[in-house]
Amino acid sequence: MKKSGWLRRLCAGLLCASMAACCSSCADDDRGGTGNGSAPTSGTLTVWAWDDNFNVRAARAAADAYQRANPDATVQVVSMAQDDIVAKLNTAFSAGNYKGLPDIVLIEDYRIQSYLQSYPGELADLSDVTDPQAFMDYKLKVMTDTDGRICGVPFDSGVCALFYRTDYIEQAGYTREDMNDLTWEKYIEIGRAVREKTGHAMLTLDPNDLSQIRMMMQSAGAWYVGDDGQTVTIRDNTALREAILLYKQMIDAGIATQVSGWDPFVKAFQDGAVATVPTGCWIAPSISQAADQSGKWAVAPLPRMGNVADATHYTNLGGCAWYVVAHSPNAALAKDFLSKTFASDGALLNQLAADIGLVSTLKSVSTMSNYSAGVEFYGGQAIFQDFARWTEQIPPVNYGQFTYDIEEVMTGTVQSVVNGADLDAALDSAQTQAEAIIVG
């Protein structure tokens with residue numbers, strides 16, 4: 001879930017060159033474990049995850065389901081801040097000391113290539129657990145190593161959408177039909193009308209978080225790096241360039257209100273201060289917590305960049321997957337657990353849609369009952385069905401190892417352009433700085 005995206009990365013740890021020379025990105029595991037009868041179904045597993053209301057709750061629901069079918073197994077889910085998980089994994093993998101590590105750990109999609117490439121062999125090969133035909137392509141790409149092995153079990157979709165207040169939009173003179181197939185240019189035009197007619201901002205922007213830029217880039221199949229995850233593509237990146245220009249236009253048009261951090265972001269829409277929330281689908285439960293706004297919200301596809309030929313309405317923000325620590329003595333049991341829960345249990349994932357608002361990247365869930373049901377808060381719209389359909393169309397990109405490192409550079413770059421700096425010069429400087437980061 002994206003909440004963690006508001007946190008800055010911790011130090012990524014030291015790279016182990018000797019490991020990189022002799023180990024595969026994710027370790028082959030000869031201890032069994034696809035749930036086909038060869039794996040053990042007894043023992044104790046430890047799972048690390050963050051966010052008690054989403055990831056941790058999902059893991060505990062999976063643990064309950066697995067333990068009912070396998071009463072000799074115990075699954076302990078430990079709630080821990082994401083930055084603490086990152087620090088503990090980095091320390092353990094750097095030192096080769098695995099005492100105290102979990103059997104299963106949740107890792108954010110933006111971070112996983114750093115682990116696969118910086119600490120090769122420390123996470124188990126889960127190619128025999130994760131059926132590539134069963135999950136969304138964009139999700140699989142981020143957890144696949146350079147040898148083509150799938151090293152994780154996909155969890156949540158970060159498919160993006162435009163959540164909007166129907167009453168504010170209508171007061172500004174527009175209809176629900178007007179909100180479909182939007183370009184960002186048209187969105188800004190509507191935002192001006194909303195500001196003029198209602199006094200409300202169209203959206204929030206956080207100058208220290210580039211979520212808006214990331215959404216726009218991936219919608220056109222672009223990232224800060226190329227498909228190899230290593231070649232910096234900032235200087236001549238058409239999608240990035242247009243995203244920055246649109247970001248500046250939103251600010252110059254006066255349609256954005258500035259926030260800093262997660263809580264002010266949530267407060268803005270729960271208090272009715274903004275007309276839209278363009279972000280990941282995981283925000284739906286937070287919006288619906290404002291019970292007095294029930295029936296006043298709807299969901300449309302995210303606007304696309306009108307001046308970018310490859311731009312679509314479909315993109316991703318955030319998301320995580322489950323991984324097995326290769327040196328765990330319970331790796332086979334861990335693989336069996338994941339195989340029978342997040343890798344295949346449609347009933348579990350369907351229930352989690354209702355319980356926590358999970359949008360799974362398992363393709364089969366899109367036909368299940370909770371995905372096709374209308375949601376009263378959103379005017380009866382079957383928002384999960386929409387999310388599932390849009391998830392299938394997200395352009396895959398390689399996030400590489402250095403998303404957060406590069407964004408430390410890009411945050412200053414974007415703000416300099418907003419304040420009047422030359423875009424070409426700013427991108428050229430950012431290219432040079434990002435290349436220095438990757439070279440190390």
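I began with contact range in this predicted model. Of the contacts with a separation of 6 or more, 78% are between residues 24 or more positions apart.

Next I looked at burial. I found that 60% of the 440 residues count as buried, with buried meaning under 20% relative accessible area.

The protein exposes about 16200 Å². Carbon and sulfur atoms supply 47% of that area.

I checked the charges. There are 52 negative side chains and 31 positive ones. The centres of the two sets lie 4 Å apart.

I listed the secondary structure. The protein has 17 helices and twelve strands. I then asked how the radius of gyration compares with the globule rule. The radius is 22 Å, close to the 22 Å that the rule gives for 440 residues, so the protein is as compact as a globular protein of that length. I also took the box along the principal axes: the C-alpha atoms fill roughly 65 × 50 × 35 Å.

Last, I traced a sheet. It is open, has five strands and runs in the order S3-S2-S4-S12-S6, with mixed pairing. Which strands stand at the edges? They are S3 (73-79) and S6 (153-154). Each has a single partner strand, so one side of each is left without a neighbour in the sheet.

I followed S3 to its partner. Strand S2, residues 43-49, pairs with S3 in the parallel sense, over seven bridges. Within this pair I picked out Gly43, which stands opposite Ala73 in S3.

Conventions:
Residues numbered from 1 in each chain as written. Predicted model: local features only at pLDDT ≥ 70, side-chain atom pairs only at ≥ 80, totals over all residues. Heavy atoms only, no water. Helix = DSSP H or I, 4+ residues; strand = E, 2+ residues; numbered from the N terminus. Rg over C-alpha atoms; globule rule 2.2 N^0.38 Å. Buried < 20%, exposed > 50% of the residue type's maximum accessible area, 1.4 Å probe, protein only. Contact = heavy atoms within 4.5 Å. Areas by Shrake-Rupley, 256 points an atom, 1.4 Å probe, with all protein chains shown as cover. Lys, Arg positive; Asp, Glu negative; His and termini not counted. Charge placed at Lys NZ, Arg CZ, Asp CG, Glu CD. Pairing = 2+ DSSP bridges.
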